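Good morning, colleagues. Today I would like to take you through the pockets and the helix packing of one model.

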Amino acid sequence: MVWGCVIDGKKGPLINLDYPGGKGGGMTLVQYQQQVLSGVLEDFYHEVREEQGPCSFQQDNASAHTSKSTNDWFHSHHIPLFPHPSSSPDLNPIEGVWHELKTIIRSSPHPPTMLDTLEAAIQSAWDQLSIDAINKYVGTMEDCVRAIIMARGGHTQY
């Protein structure tokens, strides 16, 4: 599993997550806070804030993301969260970016078959991903949010 982030006009870091996976081996809130939030996200957020001014971080409703401890981490680090209705579909623009990454990897003449080659292929695809592709997905957010509000947090075409 990897974690990455994007913002209009900029690609953030992409990191390989270190956790067991499989049944009962999902990302814990401690792993999320240690591997993603402290350092990687925190550094990128402050870099973006210096360049573009205040912004909010968006994540889905995974339990590691919504725990009291994680919310406390964001509060103590002065990083505002973009609200995400609990019953809404995942409207994060990173979902479209993941699709683009998979398309790049699958188009390779020699798809990866080992973990190390998969990690290299993912990083290469991330490096190839254009800012225009990122902006395409980030640019849909206003329409997505408007649709979610109109649907009172329910399902939309997005």
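The lining of the largest pocket, in this predicted model, comprises 24 nonpolar, 7 polar and 3 charged residues. The volume of that pocket is about 930 Å³. In total, 34 residues line the largest pocket, and those closest to its centre are Phe57, Gln58, Gln59, Asn92 and Ile94. Which elements give two or more residues to this lining? They are β1 (2–7), α1 (29–52), α2 (63–66) and α4 (94–106).

I turn now to the second largest pocket, which holds about 210 Å³ of space. Its lining is formed by Val2, Trp98, Leu101, Lys102, Ile105, Arg106, Leu118 and Ile122. By class, these divide into 6 nonpolar and 2 charged residues, with no polar ones. Two helices, α4 and α5 (115–128), each supply at least two residues here. The greatest contribution comes from α4, with 5 residues.

These two helices also pack against each other. The axes of α4 and α5 come within 9 Å and cross at roughly 115 degrees, and the crossing is right-handed. On the α4 side, the residues involved are Ile94, Val97, Trp98, Leu101, Ile104 and Ile105; on the α5 side, they are Ala121, Ile122, Ala125, Trp126 and Gln128. This contact has 10 nonpolar residues, 1 polar residue and no charged residues. Ile94, for instance, is among the residues closest to the centre of the largest pocket and takes part in the contact with α5. Trp98, Leu101, Ile105 and Ile122 are among the residues that line the second largest pocket, and they belong to the contact between α4 and α5 as well.

My last topic is the pairing of α1 with helix α3, residues 68–76. The crossing of α1 and α3 is right-handed. From α1, the contact draws on Leu29, Tyr32, Gln33, Leu37, Ser38, Leu41 and Glu42; from α3, it draws on Ser69, Thr70, Trp73 and Phe74. The classes represented in this contact are 6 nonpolar, 4 polar and 1 charged.

Thank you for your attention.

Key: Residues numbered from 1 in each chain as written. Predicted model: local features only at pLDDT ≥ 70, side-chain atom pairs only at ≥ 80, totals over all residues. Heavy atoms only, no water. 1 Å grid on protein atoms, 1.4 Å probe; cavity = no way out; pocket = protein on both sides within 12 Å on 5 of 7 lines; lining within 4 Å. Points joined across faces, edges and corners; volume = space filled by probe spheres on them. Helix = DSSP H or I, 4+ residues; strand = E, 2+ residues; numbered from the N terminus. Nonpolar A, V, L, I, M, F, W, Y, C, P; charged D, E, K, R; others polar. Axes fitted to C-alpha atoms, helices over the stretch in contact; angles between N-to-C directions. Left-handed = near helix turned anticlockwise from the far one by under 90°. Contact = heavy atoms within 4.5 Å.
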